[in-house]
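Subject: Structure handover

Hello,

The structure we spoke about is below, with the sequence. Please have it open while you read the notes that follow.

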Amino acid sequence: MPRTPIDITVPRLDGRRALVTGASDGIGLGIATRLAAAGAEVLLPVRNPAKGRAAVESIRRAVPDADVSPHTLDLSSLDSVAALGDTLRADGRPIHLLVNNAGVMTPPERQTTADGFELQFGTNHLGHFALVGHLLPLLRAGRARVTSQISVAANQHAINWQDLGWERSYNGMKAYSQSKIAFGLFGLELQRLGEDRGWGITSNLAHPGVAPTSLLAARPEVGRATETRGRKLISALSRRGILLGTVETAGLPALHAVTAPDARPGRLYGPSGLGHLGGPPAEQKLYSRLRDPEEARRVWRVSEELTKVSYPDS
């Protein structure tokens with residue numbers, strides 16, 4: 001059965017500066033391309049310079065007049081995050097849109113970041129926590145909209161407070177869920193603190209549903225030589241239009257959350273189809289793991305301690 005096309009209207013973004021993490025391929029590349037097509041200047045901070053150049057070329061093929069530039073960022077290194085922050089703050093230009101999209105998923109064996117954190121928690125959550133902290137002056141100057149990409153996995157499992165680094169007993173999927181729960185709580189606390197402290201930014205959450213993205217593909221850098229069986233199944237269902245989204249539609253919730261005039265701060269956006277696995281983007285109920293403000297405050301405190309990145313009181 002032919003798949004019914006799914007798309008959204010992105011408002012014009014001329015004069016706006018956008019930054020998208022994880023935009024060297026997949027969902028992030030699709031989001032960055034759409035932002036560029038709407039007239040935004042797009043910054044692509046990526047870990048692999050060759051992939052960054054290829055992403056820029058891809059965007060310019062789709063949008064010949066795109067204003068897009070690559071930058072270096074390894075979210076698994078707090079030094080790299082700080083260096084990007086230094087570079088962009090020295091440039092001094094406001095950032096109006098930020099999509100925290102990059103991530104890693106379920107390394108077969110426990111791995112650590114350059115700073116010794118479990119790889120998924122350190123990259124998916126702590127790296128982005130530090131990045132937003134370093135960029136906050138530019139985000140405030142641009143009265144930015146910040147959208148953080150979580151996952152359906154944030155509706156499973158819990159934060160392992162007794163062993164945040166999964167040193168005693170590593171479970172890749174539970175560690176991934178922990179990283180996305182923490183990241184979601186961060187995005188919500190960012191909105192609450194932004195309101196209380198007058199930062200002038202807004203923050204919300206998005207999730208892509210389920211689609212055949214690169215997260216579960218062969219990723220030698222995380223110890224996965226071949227794509228997972230789960231990704232093979234997801235690819236087969238996606239091709240047939242059964243329940244799941246495509247790489248293109250999976251980026252629409254975050255694109256809607258960060259650009260739509262009616263997208264609200266402190267809310268979660270995801271696919272509206274059966275089980276929220278695919279379909280057009282829409283607001284949806286916050287996952288149960290994301291509803292406790294005290295848990296969010298605890299995540300924030302621990303993240304400041306671990307990253308040594310502090311946010312201003314006003």
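Helices H1 and H8 cross in a right-handed sense; a crossing is right-handed if the near helix is turned clockwise from the far one by less than a right angle, and left-handed if anticlockwise. Before the rest, the basis: this is a predicted model, in which local features need pLDDT of at least 70 and side-chain atom pairs count only at pLDDT 80 or more, while totals for chains, interfaces and linings use all residues. Residues are numbered from 1 along each chain as its sequence is written, and side-chain values use heavy atoms, with hydrogens and water left out.

Helix H1 and helix H8

The axes of H1 and H8 come within 9 Å and cross at roughly 40°. Axes here are lines fitted to C-alpha atoms, for helices over the stretch in contact, and angles run from 0 to 180 degrees between N-to-C directions. Helices are DSSP runs of H or I with at least four residues, numbered from the N terminus. The angle makes H1 oblique to H8; under 35 degrees counts as roughly parallel, over 145 as roughly antiparallel, 65 to 115 as roughly perpendicular and the rest as oblique. Ile 31, Arg 34 and Leu 35 of H1 make the contact with Leu 252, Ala 254, Leu 255 and Thr 259 of H8, contact meaning heavy atoms within 4.5 Å. These residues divide into five nonpolar, one polar and one charged (Ala, Val, Leu, Ile, Met, Phe, Trp, Tyr, Cys and Pro are nonpolar; Asp, Glu, Lys and Arg are charged; the others, Gly among them, are polar).

The second largest pocket

H1 (26-37) and H8 (252-259), along with helix H7 (247-250), each supply at least two residues of the lining of the second largest pocket. H1 gives the most, with five residues. The volume of this pocket is about 190 Å³. Of its 13 lining residues, Gly 30, Arg 34, Glu 248, Thr 249 and Leu 252 are the closest to its centre. The lining consists of six nonpolar, four polar and three charged residues. On a 1 Å grid over the protein atoms alone, a pocket is an open set of points with protein on both sides within 12 Å along at least five of seven lines, a cavity is a set where a 1.4 Å probe fits but cannot get out, and lining residues have an atom within 4 Å of a point. Points are joined across faces, edges and corners, and a volume is the space filled by probe spheres set on them.

The cavity

There is one cavity of 30 Å³ or more by this rule. The largest cavity holds about 40 Å³ of space. Its lining is Phe 121, His 125, Ile 159, Trp 161, Leu 164, Ala 182, Val 299, Val 302 and Ser 303, of which seven are nonpolar, two polar and none charged. H9 provides the largest share, three residues.

Two further helix pairs

H5 (residues 172-197) and H9 (residues 293-307) pack at about 100°, with axes 8 Å apart, and are therefore roughly perpendicular to each other. Ala 182 and Val 299, both in the cavity lining, are among the residues where H5 and H9 meet.

H3 (residues 78-91) and H4 pack at about 15° with axes 9 Å apart, which makes H3 roughly parallel to H4. Their crossing is right-handed.

Regards
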